Amino acid sequence: NGGPLQFNANNNFFFFFGPSTVTWTFSCSNVTGSGSDSITLNMRAPVPSITVTGGPNNFLDTIVGNTSTRTFTVRNTGQTASLLTGAVTPTSGAEFYCTSGCTYTNLTPLSADHLVTVTFAPNAIGARSGNVTWSGGGGVTRTMTGNGLSPVLVVPDPLNFGEVVVT
């Protein structure tokens, strides 16, 4: 596309392409045009792989109307030069949802860790659970659990003022 490229033995070429196999054919001829050679390259993009660590997945006891959070780490543990892109999504209507770092783009195996915060907001008393999925690189789904507690009402002991004369 666009005509021949001229280069010498010292040129470096870098190609970035998607997850499918790409075929290129390079043809070279000498300056006088008396000979030529070609090479065909079949290349596949490096494959990313997602690893999610941290947590834990159990949020324990949380009072209804309050929230608790857990931090997870997303890493691309795939092939060198692979790019991991994805998002964190909860089960529909879930009490477990992403509140920070919910998308990640072009994470390489050499990238810094990407932190994701998942929040638990129980809407009822009792054991609660829901799935949270990290997409890209094969994806990871974790089941989150927690326990919704009844709000506590503290009533102080009544004060005894003894006998009081009211006039």
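Visitor: How many bridges join strand β5 to β9?

Guide: Seven bridges link β5 (residues 68-76) with β9, and the two strands run antiparallel. Strands here are DSSP runs of E, at least two residues, numbered from the N terminus, and two strands pair if DSSP finds at least two bridges between them. This is a predicted model, where local features need pLDDT of at least 70, side-chain atom pairs count only at pLDDT 80 or more, and totals for chains, interfaces and linings use all residues. Residues are numbered from 1 along each chain as its sequence is written, and side-chain values use heavy atoms, with hydrogens and water left out.

Visitor: Why is T119 called buried?

Guide: Buried means under 20% relative accessible area, exposed over 50%, and partly exposed in between (1.4 Å probe, protein chains only). T119 has 5% relative accessibility, so T119 counts as buried. You will find T119 in β9, residues 114-120.

Visitor: What makes the rings of F59 and F96 a tilted pair?

Guide: Rings of Phe, Tyr and Trp (its six-membered ring) pair if their centres lie within 6.5 Å; planes under 30 degrees apart count as stacked, over 60 as edge-to-face and the rest as tilted. The centres of F59 and F96 are 5.4 Å apart and their planes stand at 55°, so this pair is tilted.

Visitor: And what kind of aromatic pair do F96 and F120 form?

Guide: A stacked one, with 4.5 Å centre to centre and 10° between the planes. F59, F96 and F120 form one aromatic cluster.

Key: Helix = DSSP H or I, 4+ residues; strand = E, 2+ residues; numbered from the N terminus.
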